[in-house]
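Here is a friendly tutorial on reading a few features of a protein model. Shall we look together?

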Amino acid sequence: GVYYSIIDDDTADVIVPFGTGSLVSCDSKGNYFNVWMIGLQAERNYRFIVKVVSGSGTTDEQIHFFDNDNEFSVVR
């Protein structure tokens, strides 16, 4: 599966942890996720981290994290 997490870029606090609530969806156009900004504080910088789990539940399970400096700001 593929999951996302949102991190406060200034404090490194985890705002949205990896889990079933942060599962990345997929359709015929590709992968996507929707984020409700209402729970995030305005005038703060945040960052997306992506976690990819392949071979889940097998002896070949691999977990990769991608932090490509996908920073964003919430504005009023």
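## Reading the model

Asp69 has its place in strand 6 (residues 62-73), strands being DSSP runs of E of at least two residues, and helices runs of H or I of at least four, numbered from the N terminus.

Q: What should I keep in mind about the model itself?
A: It is a predicted model, in which local features need pLDDT of at least 70 and side-chain atom pairs count only at pLDDT 80 or more, while totals for chains, interfaces and linings use all residues. Residues are numbered from 1 along each chain as its sequence is written, and side-chain values use heavy atoms, with hydrogens and water left out.

Q: Which phi value does Asp69 have, and is Asp69 buried or exposed?
A: Most residues other than glycine have a negative phi. Asp69, however, has a positive phi near 55°. Its relative accessibility of 63% makes Asp69 exposed (buried is under 20% relative accessible area, exposed over 50%, partly exposed in between, with a 1.4 Å probe and protein chains only).

Q: Where is Glu43, and what is its phi?
A: Glu43 is in the loop between strand 4 (30-32) and strand 5 (45-54). Its phi is positive too, at about 65°, although Glu43 is not a glycine. With a relative accessible area of 51%, Glu43 is exposed.

Q: Which residue forms a salt bridge with Glu43?
A: Side chains of opposite charge can pair when their charged atoms come close. The rule here asks for a side-chain nitrogen of Lys or Arg within 4 Å of a carboxyl oxygen of Asp or Glu. Glu43 pairs in this way with Arg76, with 3.8 Å between the closest N and O atoms. This pair links distant parts of the chain, since Arg76 sits in the segment after strand 6, 33 residues apart from Glu43. Arg76 is exposed, at 81% relative accessible area.

Q: How many salt bridges does the rule give?
A: The count comes to 5. One of them joins Asp9 and Arg47, whose closest N and O atoms are 2.8 Å apart. Asp9 lies in the loop between strand 1 and strand 2 and Arg47 in strand 5, so the pair ties together parts 38 residues apart in sequence. Asp9 is partly exposed at 26%, whereas Arg47 is buried at 18%.

Q: Which residues are linked in a network of salt bridges?
A: Asp8, Asp10 and Arg44 are. Within that group, the closest N and O atoms of Asp10 and Arg44 are 3.9 Å apart. That pair joins the loop between strand 1 and strand 2 to the loop between strand 4 and strand 5, across 34 residues.

Q: Which residues make the largest nonpolar core?
A: In soluble globular proteins, nonpolar side chains tend to be buried together. A core here is a set of buried Ala, Val, Leu, Ile, Met, Phe, Trp, Tyr and Cys residues joined through side-chain atoms within 4.5 Å. The largest one has 8 residues: Tyr4, Ile6, Val24, Leu40, Tyr46, Phe48, Phe72 and Val74.

Q: What is Tyr4 in contact with?
A: Contact means heavy atoms within 4.5 Å. Beyond its neighbours within four places in sequence, Tyr4 has contacts that include Phe18, Val24, Phe33 and Phe48.

Q: Where is Phe18?
A: Phe18 is in the loop between strand 2 (14-16) and strand 3 (25-27). Phe18 counts as partly exposed, at 31% relative accessibility.
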